[in-house]
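Here's a quick briefing to read with the model open in your viewer. Take a look at the structure first, then run through the notes below.

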Amino acid sequence: MTSLPGGSEDGGSATEPQPLVCARCGTIADGPRPTWTCSVENGVRQYFCDTCSRENLRAIEGRLDSAWW
C-alpha cells in the first residue's frame, strides 16, 4: 500500500475538532452550540457565548469589534 507524504496509513484525518471557547469570557462549550454568536474580526473567526452575546447585543448589532465592548 502506498500513502501520500505526511499522510497516515488509515487514509483519513484523525484530528479532533477543537471545542468552542468564548473569546470574551473563556467559557468552553461542552458540545455544539447553535445559539453562540460567531464574528469575523480582522480575518479571525471568534465565538461568543449566550451570556456575552446578550450583554453586548447593541454593540454586536452596530457591528462594533469586540475590542469596543
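Searching the whole structure turns up zero disulfides, a disulfide being a pair of cysteine sulfur atoms within 2.5 Å. Cys 52 is in no disulfide, and its nearest cysteine sulfur, on Cys 49, sits 3.7 Å away. Keep in mind that this is a predicted model: local features need pLDDT of at least 70, side-chain atom pairs count only at pLDDT 80 or more, and totals for chains, interfaces and linings use all residues. Residues are numbered from 1 along each chain as its sequence is written, and side-chain values use heavy atoms, with hydrogens and water left out.

**Cysteines and the core**

- Cys 52 counts as buried at 6% relative accessibility; buried means under 20% relative accessible area, exposed over 50%, and partly exposed in between, with a 1.4 Å probe and protein chains only.
- Not counting residues up to four places away in sequence, Cys 52 touches Cys 22, Arg 24 and Cys 25, where a contact means heavy atoms within 4.5 Å.
- Cys 49 is buried too, with a relative accessible area of 6%, and its place is in the loop between E2 and helix H1 (50–55).
- Leaving aside neighbours within four places in sequence, Cys 49 is in contact with Cys 22, Cys 25, Thr 27 and Trp 36.
- Cys 38 is partly exposed, with a relative accessible area of 41%.
- The largest nonpolar core has eight residues: Cys 22, Ala 29, Trp 36, Phe 48, Cys 49, Cys 52, Ala 59 and Trp 69.
- A nonpolar core here is a set of buried Ala, Val, Leu, Ile, Met, Phe, Trp, Tyr and Cys residues joined through side-chain atoms within 4.5 Å.
- As background, nonpolar side chains tend to be buried together in soluble globular proteins.

**Chain overview**

- You get two helices and two strands, running β-β-α-α along the sequence.
- Those elements are DSSP runs numbered from the N terminus, with helices (H or I) of at least four residues and strands (E) of at least two.
- Of the 69 residues in the chain, 20% are buried.
- The accessible surface is about 5,700 Å², with 52% belonging to carbon and sulfur atoms; the areas come from the Shrake-Rupley method with a 1.4 Å probe, and for residues only the protein chains shown count as cover.
- Take the contacts between residues at least 6 apart in sequence: 29% of them join residues at least 24 apart.

**The largest pocket**

- The largest pocket has a volume of about 180 Å³, that is, the space filled by probe spheres set on grid points joined across faces, edges and corners.
- A pocket is an open set of points on a 1 Å grid over the protein atoms alone, where a 1.4 Å probe fits, with protein on both sides within 12 Å along at least five of seven lines; lining residues have an atom within 4 Å of a point.
- Strand E1 (residues 37–41) supplies the largest share of the lining, five residues.
- The lining residues also include Phe 48, Ile 60, Arg 63, Leu 64, Asp 65 and Trp 69.
- Ile 60 lies in helix H2 and is partly exposed at 25% relative accessibility.
- Beyond its neighbours within four places in sequence, Ile 60 is in contact with Thr 37, Ser 53 and Trp 69.
- From Ile 60 to Ser 39 the C-alpha distance is 8.8 Å, at 21 residues apart in sequence.

**Exposed spots**

- Asn 42 has a positive phi of about 55 degrees although it is not a glycine.
- In general, most residues other than glycine have a negative phi.
- Asn 42 is in the loop between E1 and strand E2 (44–48) and is exposed, at 75% relative accessible area.
- Ala 67 is found in the segment after helix H2 (57–61) and is exposed, at 76%.
- The C-alpha atoms of Ala 67 and Glu 41 are separated by 9.8 Å, with the residues 26 apart along the chain.
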